[in-house]
Amino acid sequence: MEESISRIGVNNEDFLVASMIDRCPKTMMLRELVQNALEAAVRAPAGARRVEIGAVQVDGARKLRIWNTGPGLDAEQLFLICDISSSVGKEQALDKNFGMGAKVASLPSNQLGLRYRSCASGRVHEVIIGKRDGAYGRLLRPDAAGALAAVRDVTEESRAEGRALDQDWTEVTLLGARPDQDTVADPYAGDPGVGRLWALSALQSRFYRLPDGVEIWLAPDLLAGRPARAFTPIATHIARRFARSEAVALANGARIHFCFDPQHPQFPDRNASQLDTLSLSQSFAALLRQDELYDVIQGKRWTLEAPNFGVSFGARHVSILVELPDDFPVFPETYRQFLRYRNGAQDQVKIQDFAALVRANRPQWLIDFVREQAPQVANLETIQQQLESLIESLGLTRRRPVARQPKLAATKPPQPPAQAAKTPAEPTPPPPERAPEDAPPDAPMRTVLESLPEFHMLRDEQDIADRNLTHRAARFYPDTHQLFVNLSYPAVAGLAELLASQAPHTVPPNEARALAEEVAESVALLRIGRALIFGLSKRSAEAGWSDAEKQQAISSEMLTLAAEDLMSSAPLAQEMFSRKLAERADGAAERLSEKEVA
């Protein structure tokens, strides 16, 4: 039987439109406006593909303006683009154009008005959309004949302002929330507040590569008074200024970009590529899709997360991009703030989802660099033996957290050998350890005890800060099974002071201090290591411990609390210190005896 439908309508259109607009993240505004400008500018003749971001005076106040070349809009087209889900010359699709991005993202912060002007074939028309009496819409204003109209011809007004009319262009001016609001310095009316270079930062954290031949120019108003300059996207900056970069291709079409920017030779707090305060200044990790960046983590967030990606040290000089192919099963969410997986739950795509892939595909030069940056670890044999005994006594079996592996697109056909990119195998979980080969065929699987974590003992102030340990004693990374210990933690120094004060007067103070610090650090490591192992033992608890509580048991906070009570281990530390002093005395006596014999 043939069926038909009665289409669903909208009962309260004003409410629907307002809810879509008011829920949009404000900070997506510049991305949407610039993206529209780029899509228009790329259709301009070669050599004239330009986007300008600057300022214009409106009724005595400075307002942000985005201007672009490309085909202009006539009066009818300008009227139509103000509707939600309406666009001109673009295909609408979930993965392409929604027809509402710039309007929806800009109107929450520009309820006074969003002014569009467009020059097409020498005529300039203007429309303003804003919010009045609780509803969003086109503002009706007198035209040249005195009649109220949504679209006005402002050709002569534009000519008087010195605007060129010999080429097509379009501009959007942000009028903000108040007539006196400076939307260049304060685009969101203080909610949120922005820095002086907010526009440059927003562009750097979103647009990885620009369309061919298109330039974005920033006016001095956006550069804290510096001369106007063209925006340099990250792809260009890396190619021109980074010391090294390598793209590792995976079999599923994804690519991992490993980028290295060494320390500046004259300024230790900068990377070498940072020419000035307008250059890219921080390392980062991000997802890359269709030339746009998503889920960017940088600065302290990146150095804290970096060990999960196999960059335990030196993350301030390493950036990582995971580039997803067009057929990867993800799509941008409604407001394009982040990506979602094409699965039932439509989970948000995170750069952390790809950490295991990044670790498994690191190039050898990066592995060598990380190893060179790692601090030297003292002899821990005695402590390791004690911790291994504790693991054995608890029967702590090996378990590793299962990181969410992103679903991969269908594997693409292999490339010819002459053109093949480096395509390392993607990581697979190690097989369970089996009984020895000479065991009977029906021998049970052998229980594998947990191994000791990889110890990293930190003394450098920057390394400590990178792990967010300035006010904490230790941090454990379950995915990579690494333990970072802050040896500058006050409790360690306090125990060392106590021990040094008990040294005989015959021991030089500097030697006593060195021995005391060595003992205090060993005791701290033993105490923190034991706390971690007991915390890991709760993984097998079947009742009484939730997953969140099991994570809390091995958290930085719990390990810090264990170190905080380090003085309770003073008797053990004093015994070790006395033994060290005795060994020192025996060594001195032996050297004196050898000297006398000689």
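Modeller: Two strands pair if DSSP finds at least two bridges between them. Helices (H or I, at least four residues) and strands (E, at least two) are DSSP runs, numbered from the N terminus. This is a predicted model, where local features need pLDDT of at least 70, side-chain atom pairs count only at pLDDT 80 or more, and totals for chains, interfaces and linings use all residues. Residues are numbered from 1 along each chain as its sequence is written, and side-chain values use heavy atoms, with hydrogens and water left out.

Biologist: How many helices and strands are in the chain?

Modeller: The chain has 17 helices and 21 strands.

Biologist: Let us read a sheet. What is the order of the strands in the open sheet of three?

Modeller: The order is β19-β21-β20, and the pairing is mixed. Strands β19 (454-458) and β20 (474-477) stand at the edges with a single partner strand each, so one side of each has no neighbour in the sheet. On average, neighbouring strands here are turned by 15° against each other, direction ignored. Such axes are lines fitted to C-alpha atoms, for helices over the stretch in contact, and angles run from 0 to 180 degrees between N-to-C directions.

Biologist: In which sense do β20 and β21 pair?

Modeller: The sense is antiparallel, over four bridges, with β21 spanning residues 482-486.

Biologist: How many residues of β14 are buried?

Modeller: Six of the six residues of β14 (residues 284-289) are buried. In a regular strand the side chains alternate between the two faces of the sheet. In β14, Phe 284, Ala 286 and Leu 288 point one way, while Ala 285, Leu 287 and Arg 289 point the other way, and all are buried.

Biologist: Which strands pair with β14?

Modeller: Strand β15 (residues 292-298) runs antiparallel to β14, joined by five bridges. In that pair, Leu 288 stands opposite Leu 293. Their hairpin has two residues between the strands, and Gln 290 takes a positive phi near 50°. Strand β16 pairs with β14 in the parallel sense over four bridges. Here Leu 287 stands opposite Val 322.

Biologist: Loops next. Is Asn 252 buried or exposed?

Modeller: Asn 252 is buried, at 2% relative accessible area. This residue sits in the loop between β12 (244-249) and β13 (255-260). A polar atom of the Asn 252 side chain lies 3.1 Å from the backbone nitrogen of Ala 254. From Asn 252 to Leu 324 is 72 residues in sequence and 9.3 Å in space, C-alpha to C-alpha. Phe 328 is another loop residue, between β16 (318-323) and β17 (330-332). Phe 328 also counts as buried, at 2% relative accessibility.

Biologist: How are two packed helices described?

Modeller: By the angle between their axes and the distance between the axes. Helices α11 (residues 381-394) and α14 (residues 509-537) have axes that come within 10 Å and cross at roughly 20°. They are therefore roughly parallel to each other. Contact means heavy atoms within 4.5 Å. Among the residues that make the contact are Leu 387 and Leu 390 of α11, and Leu 525 and Ile 533 of α14.

Biologist: At what angle do α13 and α14 cross?

Modeller: Helix α13 (residues 490-501) and α14 cross at roughly 135°, with axes that come within 8 Å. That makes α13 oblique to α14. Angles under 35 degrees count as roughly parallel, over 145 as roughly antiparallel, 65 to 115 as roughly perpendicular and the rest as oblique. The residues that meet include Leu 495 and Leu 499 in α13, and Ala 516 and Val 523 in α14.

Definitions and conventions:
Buried < 20%, exposed > 50% of the residue type's maximum accessible area, 1.4 Å probe, protein only. Polar contact = N/O pair within 3.5 Å; in protein donor to acceptor, adjacent residues only side chain to side chain.
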